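User: Hello! I am new to this structure and would like to learn how to read it. Could you walk me through a few features?

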Amino acid sequence: MGLFDRLRTEDEDAAGAPAAKPGLFAALEVGTSKTVCFIVKSEATIAGSRLRVVGVGHQSSRGVRGGTIVDMNAAQSSIKTAVENAERMAGHAVSEVTLVTAAGGLSSTRIGVEAPLSRREVSDRDLRHALREGLQTFFEPGRVMLHAIPLGWRVDNHRGVKDPRGMFGRELGVDLHIVTAPIEPLRNLATCVERCRLSIAGIVATPYAAGLSALVEDELLLGAMVIDMGAATTSVGVFAEGSLIHVDGVPIGGAHVTSDIARGLSTPVSAAERIKVLYGSALDSPDDDQVMIETPPVAGDGDTTMVQQPRALLNAVIRPRLEEVFELLRDRLDAAGVSRAAGRRLVLTGGAAQLPGAAELAGRVLSKQVRIGRPSGLHGLGDAVSGPAFSACAGVIVRRARGSAEAIAGPPPLNGAGERRLKAAAGGERGPKAILRWFAESF
């Protein structure tokens with residue numbers, strides 16, 4: 001499927017394509033700890049149409065480790081159950097979903113493209129040509145493109161051009177932010193979804209979706225960083241001037257903290273998770289040495305009774321792991337040169353972000369003003385699913401409601417190399433309606 005075919009597909013879906021029930025849209029997140037499905041219905045209001053969450057299904061994930069599928073049948077079962085629960089609540093069945101994932105590790109690349117203008121007025125055709133040139137020049141073996149976001153235009157090296165159409169010059173340039181993911185983990189995830197008789201409408205990177213859901217408008221414009229703390233991975237997205245300019249992540253999450261507690265306190269993993277939620281903190285308090293917590297012994301300790309251990313020991317296990325995560329992200333963002341673009345704002349979201357003291361610790365390590373982010377601006381989202389753990393899945397709905405100002409749309413080609421997809425995109429001038437839509441959303 002070519003570039004502009006993908007854009008056209010999204011246009012058709014927005015208008016009520018026959019592949020899905022008109023007015024219905026589903027978002028699916030398959031994480032290491034939970035699988036979530038939101039079903040949304042478009043409804044007419046006096047202020048215009050709006051999206052309303054009418055079905056929610058979520059349950060513990062199986063067959064997923066480190067954000068990737070390790071047991072196809074178990075993962076398929078989790079997906080099927082979550083979607084069926086959402087369908088039952090919505091009273092409607094869905095035939096396609098938009099996935100949100102950080103499967104296998106996300107990567108950012110920014111490229112600049114220059115195209116000659118022959119001293120004539122810039123037209124839509126010139127913009128299409130510049131975007132196509134950029135996409136053609138990009139290829140990473142073993143990875144697939146999820147997003148291609150134009151960050152800005154240039155005419156004769158004059159930056160900051162909002163809309164170059166109608167201008168005169170010798171050269172047109174565009175800066176593109178391309179987000180990629182390894183193809184094999186995505187292919188496994190897509191296979192599990194398709195075995196549930198669902199087609200894939202698109203795939204959204206986790207930190208992108210989380211940012212759209214948890215950041216307010218001023219943060220998107222002035223610059224902010226969103227860190228989504230999942231069970232097995234922690235991903236980060238940097239936004240500036242309303243666009244996503246960088247994504248990254250580390251394969252460490254809340255499950256690693258739980259595992260550290262289990263080892264440090266010599267207690268079962270299930271008990272460690274409960275202790276973390278009830279008593280854990282990333283910060284010290286004056287009475288930590290006096291507060292004692294009961295920890296059950298690990299299996300096989302026979303007649304050993306509950307053990308009394310100071311909360312200071314628990315927190316001493318938690319804090320170094322979280323410091324490691326934030327320090328790794330800080331170093332990676334510094335190396336990428338995007339820390340300054342993120343401004344002073346940091347929004348923590350994801351299930352692991354709810355650990356007391358995590359926000360304060362992140363602020364100290366990253367030198368940012370920190371708040372906990374959760375889904376905002378959505379209608380019909382119940383209290384039980386409006387916490388930070390559901391920001392990424394909710395972000396898919398926000399992206400749908402706002403419209404996507406991207407150069408590509410639709411599902412990535414997981415059965416072939418990205419190079420072949422770009423060659424197909426270069427073959428013709430199809431889909432002018434799609435590129436006009438992109439301009440309407442962008443300027």
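**Reading burial and contacts**

Analyst: Gladly! Let us start with helix 5 (residues 206-214): nine of its nine residues are buried, so the rest of the structure largely encloses this helix. Buried means under 20% relative accessible area, exposed over 50%, and partly exposed in between (1.4 Å probe, protein chains only). Helices (H or I, at least four residues) and strands (E, at least two) are DSSP runs, numbered from the N terminus. This is a predicted model, where local features need pLDDT of at least 70, side-chain atom pairs count only at pLDDT 80 or more, and totals for chains, interfaces and linings use all residues. Residues are numbered from 1 along each chain as its sequence is written, and side-chain values use heavy atoms, leaving out hydrogens and water.

User: Which residues of helix 5 are buried?

Analyst: Among them are Pro207, Tyr208, Ala210 and Leu212.

User: What does threonine 349 contact?

Analyst: Contact means heavy atoms within 4.5 Å. Leaving aside neighbours within four places in sequence, threonine 349 touches residues including Ala210, Asp228 and Gly373. Threonine 349 lies in strand 17 (residues 345-349) and counts as buried because its relative accessibility is 0%.

User: Which side chain makes a polar contact with the side chain of threonine 349?

Analyst: A polar contact is a pair of N or O atoms within 3.5 Å; within protein, one must be able to donate a hydrogen and the other to accept it, and residues adjacent in sequence count only if both atoms are side-chain atoms. Here the partner is the side chain of serine 391, at 2.6 Å. The threonine 349 side chain also reaches the backbone oxygen of proline 388 at 3.1 Å.
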